[in-house]
2 protein chains.
Amino acid sequence: LDYQHVQVPFEITLWIMLASLAKIGFHLYNKLPSVVPESCLLIFVGLIMGGIIYGLNDRSPPVMDSDIFFLYLLPPIVLDAGYFMPSRPFFENIGTILLYAVVGTIWNVFGIGFSLYGICQVKAFQLQDVSLLHNLLFGSLIAAVDPVAVLAVFEEIHVNEKLHILVFGESLLNDAVTVVLYKLFRSFCEMPTIKSVDVFAGVGQFFVVGLGGILVGLSFGFTAAFTTRFTKDIRVIEPLFVFLYSYLSYLTAEMFHLSGIVAIISCAMGMKRYVEANISLKSHTTVKYFMKMWSSVSDTLIFIFLGVSTIGENHEWNWPYICFTVIFCLIWRALGVLVLTFFVNRFHVNTITSKDQFIIAYGGLRGAICFSLVFLLPDFHRKKLFIAATTVVILFTVFIQGMTIRPLVDLLAVKRKRESAPTVGEQIHIRFLDHLLAGIEDISGHWGQYYWKDKLEYFNSKYLQKILLREYDQPKSSIVLLYEKLERKHAIELAQAGQLGHGPAHPSFLCSAFLCSSSDRTVITDQKLEDTPNPDVLDNMQEILARNLYRIRRTGPAYNRHTLPGDSEPTEQAKEILILRHKSL
Amino acid sequence: LDYQHVQVPFEITLWIMLASLAKIGFHLYNKLPSVVPESCLLIFVGLIMGGIIYGLNDRSPPVMDSDIFFLYLLPPIVLDAGYFMPSRPFFENIGTILLYAVVGTIWNVFGIGFSLYGICQVKAFQLQDVSLLHNLLFGSLIAAVDPVAVLAVFEEIHVNEKLHILVFGESLLNDAVTVVLYKLFRSFCEMPTIKSVDVFAGVGQFFVVGLGGILVGLSFGFTAAFTTRFTKDIRVIEPLFVFLYSYLSYLTAEMFHLSGIVAIISCAMGMKRYVEANISLKSHTTVKYFMKMWSSVSDTLIFIFLGVSTIGENHEWNWPYICFTVIFCLIWRALGVLVLTFFVNRFHVNTITSKDQFIIAYGGLRGAICFSLVFLLPDFHRKKLFIAATTVVILFTVFIQGMTIRPLVDLLAVKRKRESAPTVGEQIHIRFLDHLLAGIEDISGHWGQYYWKDKLEYFNSKYLQKILLREYDQPKSSIVLLYEKLERKHAIELAQAGQLGHGPAHPSFLCSAFLCSSSDRTVITDQKLEDTPNPDVLDNMQEILARNLYRIRRTGPAYNRHTLPGDSEPTEQAKEILILRHKSL
């Protein structure tokens, strides 16, 4: 037996296996995940594992290594989050998200820090030796909402898209603030005296860390898109580049002490559109699937490790400090959300309701980032107290808040995510309004959201697409794409039912698919179809649509505010239509 | 700047990136890969990289770590090889492959070892201090054909399937022999005296190492299949299990000093069938794609590292020893192939031609396995000579043989792989013959290949499938599956051409697809179809086929030698046909 030789990969594989099997186990009993969030169950498994290790070895089980967490476990989750980020709601609410993430986090850090310092002054609690700076340092690591924990809980409760993006976006973007404040206070702790220059440098760092992260991320993202231009002959390594470049962006940002989370998110959001156009469909499936798989495993491992690391002798128990930490975390977050939302609502038509505010405040879960940061603290005599307080806050938020948030959402009747995709009609409407608003903003000279979006789109189609895409083509309208997809799906369904080519079996399928919404279409059954008044008319419509869409699909002349209709060679199109009409006669 | 912190993942990512970019680079110039095999180009890139590192640092560049090679780079390639192994030709030629792999490798080891020992006795060469045992040890590591190198070259030259599986199968299965002989000679080198008991123990080890590997692999494979029974609700981690279990089988085998390569191949071949039936289509695409991607990257890294490691001061040059090593490697392999094939051909009707024999002998490429093994040698004063000789043999085989094998295959007009898939007619024929031969063997009491295959198939459908598959169902006949696939493809083509649902546009498509071969079908154009004599008859046939196949597809009553036709509820089927006929009237 030569265990030494294979130990490292063997143990890693076994941990991943344990995590995956635990996941399967929960899902075998359908009722369990609907009551208790998976994150709680996983922490519970971790606690048991930790207990077993502690019982067998009679010493504290190994603590989750902060390096492993930040270098290997966190990036897949953030990459997944960034890649599948719904960009429209994100950019629509970017102002609010940034306000919560920057001002809200600072508010929480100082609120928690100062009030805990106040508690430390009470002589009965025996905490006078914890300085203000240490309290602020503790505040900086405990204040930040954790994206992993938030994602794990919010993915299961299906609140409406805006609420989700507000909480989740905040949890992602507050990384820049947390990194700066945490490093600032940590270096202050080690400095003999603090000059006002240092404080100003700290404020300046916010911008460097945040904007630097975006810059690093976008440059790697565009390089990735550019690289996939040349992978046509070697499709099999395409998915690799998505992972390699985004991971490099994270590592590079971390190397320069910028925000790695912000970098990897910008990278993923920047590359997504171009990479998807360049790579093959199978590569795309692999990218999506593997990203989900990887982040799911990372997520599982993080929660299990969190459980394992909780067991042990790293803790110093002090009732008042720990209780007040939990209370202050709740109070300051609630206050912050109330105050900030008050300002946000004054400038927006589409306000955040008080129910939503409650869920935002209540959804401020803490997780493994706090936990890793507290272990990274420099050694000082109260570190174990901080570890204990952090553990309690994490367990409290994940267990108590995580388990009660679903019943609360039900109870308050918080607006849920709509189950169905937007209909084609809605899509047309939204796009029309976008163009209209961009035009209005342009005319009125107001540089609003729509104006910038339109300019960006113009810049994208004028320059970026030409550089980054292999086959630069007028982009197909999303409606035409949808039509194609429906037609393909319909064809496969027909083939599976063995009814292909037996005359027009469902004469109104196509046009109903096109005229009605995509979600409606799936519930149309044969019975319904027979109610349709005049099959001949529908048949005719379908014929016309199919013939003409054939041409549309081939050229994809999407409407563009910056080109005139004359640009798209009308003579050729007319010729094509003539030929088709001639054929059909 | 905090490089220390991210160094390990950063450098790994950069190496993978370099490898992938090099791969893209070659494929940008289409002419290059058609002349020079990719493996040569990659070694060349590695040589340049090594030269740069050597020039900059003025010391030998880092040598490929044997642990990294055996634990991280080799498993993905072998897993890929095992998973995509064409099982029919492999099992049809298993006897020949084992003969080459076991007897052939032993022959080469002792041949090369003894004749190099003879060379060492020549006083002029100054090699008298190299003992017989050391020569045999060297022979054991240099004799084995390398699967990575063979795969890299043979995948590009497209020789016929049998020839390919003979060379490739040998290169995979000789691992067991190499492991045993290498470890045996290494322990002999350290023993003061060798007893005859030790030699017998060595012979016994062959079976333990080989069969143990198969056992470990199969048990992990079946566990993997069993696990995927329960992943229905959590599709996203399905692909993970394929990788985790096969990697665990490799590590476990290595841990017990069994053959890891044999284990991972058995695991992959054992699980493939059941896992594919259990997991979703997208999971399957991800598994296949990721396996290919991973093995491709590993392969690239191995060749680049091989190049990098060649540069440096690890070499001791001795012209006669090195030249004779190359010559003996060639001669003994050629002799071995000739002698073994003579025996093989006496017992087979389908003989191995002399051209094939030449390619088998010439295709005996050495690669990174030899290289890693030579660095794992215990330190002794001639180790650097062995390293130099191994490097030269690898470079000679990969560059000279690898680059000339394609022109030689052309020159000799070696039978190539057929480009097209077997037609449906052929498939029916093959299956019919299989059943016939199994029956004949059964009656005549001859326990041949077909008899065992049939018994295995019976055992599989009687027990294994019931345990390992989620939805145990009569397996669909491959012809019905093909028909379904063609129909789906046809439907998508129709949808893309915008001709879905416009009456029977191509009346004879379906039946021609069914009656003709699958490969023929793709070249049938509209022009050809119009030549078909009577569209009405064809239309009718198609109607009948489609209606009846509908039923077939739903139950999939595959022919089975062990069940009577009466088993499959004929009344229900008859009723269904009646209803369908009634409808169509």
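Predicted model: local features only at pLDDT ≥ 70, side-chain atom pairs only at ≥ 80, totals over all residues.
Contact here means heavy atoms within 4.5 Å.

**Extent of the interface**

By that criterion, 76 residues of chain A and 76 residues of chain B take part in the contact. The area buried between chain A and chain B is about 6900 Å², and carbon and sulfur atoms give 75% of that area. Between chain A and chain B the count of salt bridges is zero. Eight residue pairs, both residues at pLDDT 80 or more, are in polar contact between chain A and chain B.

**The side of chain A that touches chain B**

Several helices of chain A each supply at least two residues to this side, among them helix 4 (66-83), helix 11 (238-255), helix 13 (281-310), helix 20 (478-496) and helix 24 (535-555). Helix 1 (3-28) of chain A is also one of these helices. The largest share, 16 residues, comes from helix 1 of chain A. The residues on this side of chain A divide by class as follows.

| Class of residue | Number on the side of chain A that touches chain B |
|---|---|
| Nonpolar | 42 residues |
| Polar | 21 residues |

**Relation between the copies**

Definitions and conventions:
Residues numbered from 1 in each chain as written. Chains lettered and ligands numbered in written order. Heavy atoms only, no water. Buried area = accessible area lost by both parts, 1.4 Å probe. Salt bridge = Lys/Arg side-chain N within 4 Å of Asp/Glu carboxyl O. Polar contact = N/O pair within 3.5 Å; in protein donor to acceptor, adjacent residues only side chain to side chain. Helix = DSSP H or I, 4+ residues; strand = E, 2+ residues; numbered from the N terminus. Nonpolar A, V, L, I, M, F, W, Y, C, P; charged D, E, K, R; others polar.
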